[in-house]
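Here is a friendly briefing to keep beside your viewer. Have a look at the model first, then follow the topics below.

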Amino acid sequence: MSTNLKNSRSLRLTVALIIPFALLCYLYSWRQIPTVSSSTIPHSSGTATTTAASISTSVPPKEHPSPPPIYTLPDKIWHSAKFDNLSENQREWTGSWTKKNPTLRSELLTDRSAEAFVRAHFFKTRPDIVEVYEALPIAILRADLFRYLVVLAEGGIWGDLDTSCEKEVSEWVPVEYRNENIDMIVGLEFDFEWRGPGTEVASQFCNWIFVARKSSRNLQIIVDTVVKTLKTIARNNAVGIEGITLEMLSDVVNVTGPKIMTIAIMDSLEQLLGRPVDDRDYALTKRPKLVGDVLIMPGVSFAALQNGNPTDQGDALVTHHYEGSWKKEDTEAKERKKLKQEQEQQQQQEASSLPPPPALETPEAPAPSTAAT
């Protein structure tokens, strides 16, 4: 009997100890649950609200991943060539991009793969672009149009085969612009003062190197401007796109090259900003300058040699080695065009110096007869 009594007392004592211990464990675990917002706890008393607020501030902030190179812009470099058998110099220059930027992806497209790329990306949405691109008979015109199309389709950096990278791409954008909405990065090829209203653009962007995001609104306007210009040239010469010759062009740079690219970007910025945009917005700049959503780099960045190797504009980011093979063909076409114009002028001068043809003499009518009838 005494044994049963002792066991009963021990059991009651054990239960009495376990229940408070379990309650303490429950209360302790409840206080460790992090609360994101005070609104998740009923505000039945001031104590509850204060406790929730103190718990929420103890939660460490969520870490955000570091921004990618050039921030919102893709880290890919594009090149193109007629074939993939690059020269030793070209291999060295194109290789400099991944050497300086180990995480940078590099892609080289040949004429054949470029045509397949354009058709795959634009045929369903813009068959007019594909039609013009595939019909172009002049290599430099196709090359210019392709560079805009490939970056428009997937974003990234365009670099001619004769460009080499001198500074890491991740350092191109100044700190003050790294949180800005950058749609495109271009650099000055020529940097001159504004020439006044009604004059041609003086400060021109180069198109051997530029950067843009996928579906860039600026690149879309450049492409539309180039396509429209090519169609106008064909119509004015009563030929199809396939019938365009270099002799029909005022200059390649005005049709598909840097000049028309510069004018199209200024038109694009006018649409964005709702005001006129000209050389005064960016000429004579010594540091990168954001105009609208286009980051404009000074002359030293992409065209140091062209701008006299300035020493007050920061570092050269890219070197252009000026190996463009199209220039010879363009020069020859200009010579043929000049010779044809001179021949036409000479023919006109010779025609104007010839004596007028003699006037045709009208035979006199016979005199009336005076004989008596």
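Strand 3 and strand 6 run antiparallel and pair over four bridges, where pairing requires that DSSP finds at least two bridges between two strands. Helices (H or I, at least four residues) and strands (E, at least two) are DSSP runs, numbered from the N terminus. This is a predicted model, in which local features need pLDDT of at least 70 and side-chain atom pairs count only at pLDDT 80 or more, while totals for chains, interfaces and linings use all residues. Residues are numbered from 1 along each chain as its sequence is written, and side-chain values use heavy atoms, with hydrogens and water left out.

**Strand 6 and its partners**

- G156 has A212 of strand 6 as its bridge partner.
- A212 of strand 6 also stands opposite M184, and strand 5 is joined to strand 6 by two bridges in an antiparallel arrangement.
- Strand 6 is covered on both faces: I209 and V211 are buried on one side, F210 and A212 on the other. Buried means under 20% relative accessible area, exposed over 50%, and partly exposed in between, using a 1.4 Å probe and protein chains only.

- Seven strands form an open sheet with mixed pairing, in the order 2-1-3-6-5-8-7.
- Strand 2 (105-110) and strand 7 (289-291) are the edge strands, each pairing on one side only.
- On average, neighbouring strands of this sheet are turned by 25 degrees against each other, direction ignored. Axes here are lines fitted to C-alpha atoms, for helices over the stretch in contact, and angles run from 0 to 180 degrees between N-to-C directions.

- Contact means heavy atoms within 4.5 Å.
- Helix 9 (residues 258-273) lies across strand 5, strand 6, strand 7 and strand 8, and runs at about 135 degrees to strand 5.

**Helix 6 against helix 7**

- Two packed helices are described by the angle between their axes and the distance between the axes.
- For helix 6 (residues 139-154) and helix 7, the angle is about 150 degrees and the axes are 9 Å apart.
- Helix 6 is therefore roughly antiparallel to helix 7, a label for angles over 145 degrees.
- On the helix 6 side, the contact includes L141, L145 and Y148, and on the helix 7 side it includes L219, Q220 and I222.
- By residue class, the contact of helix 6 with helix 7 has 11 nonpolar, one polar and no charged residues. Ala, Val, Leu, Ile, Met, Phe, Trp, Tyr, Cys and Pro count as nonpolar, Asp, Glu, Lys and Arg as charged, and the others, Gly among them, as polar.

**Two loop residues**

- T256 sits in the loop between helix 8 (252-255) and helix 9, and counts as buried because its relative accessibility is 0%.
- Not counting residues up to four places away in sequence, T256 touches I140, L141, D144, Y148, N207, V226 and L230.
- G292 lies in the loop between strand 7 and strand 8, and counts as partly exposed because its relative accessibility is 31%.
- Leaving aside neighbours within four places in sequence, G292 is in contact with L269, L272 and L273.
- G292 and N181 are 111 residues apart in sequence, with their C-alpha atoms 8.7 Å apart in space.

Technical notes: Angles under 35 degrees count as roughly parallel, over 145 as roughly antiparallel, 65 to 115 as roughly perpendicular and the rest as oblique.
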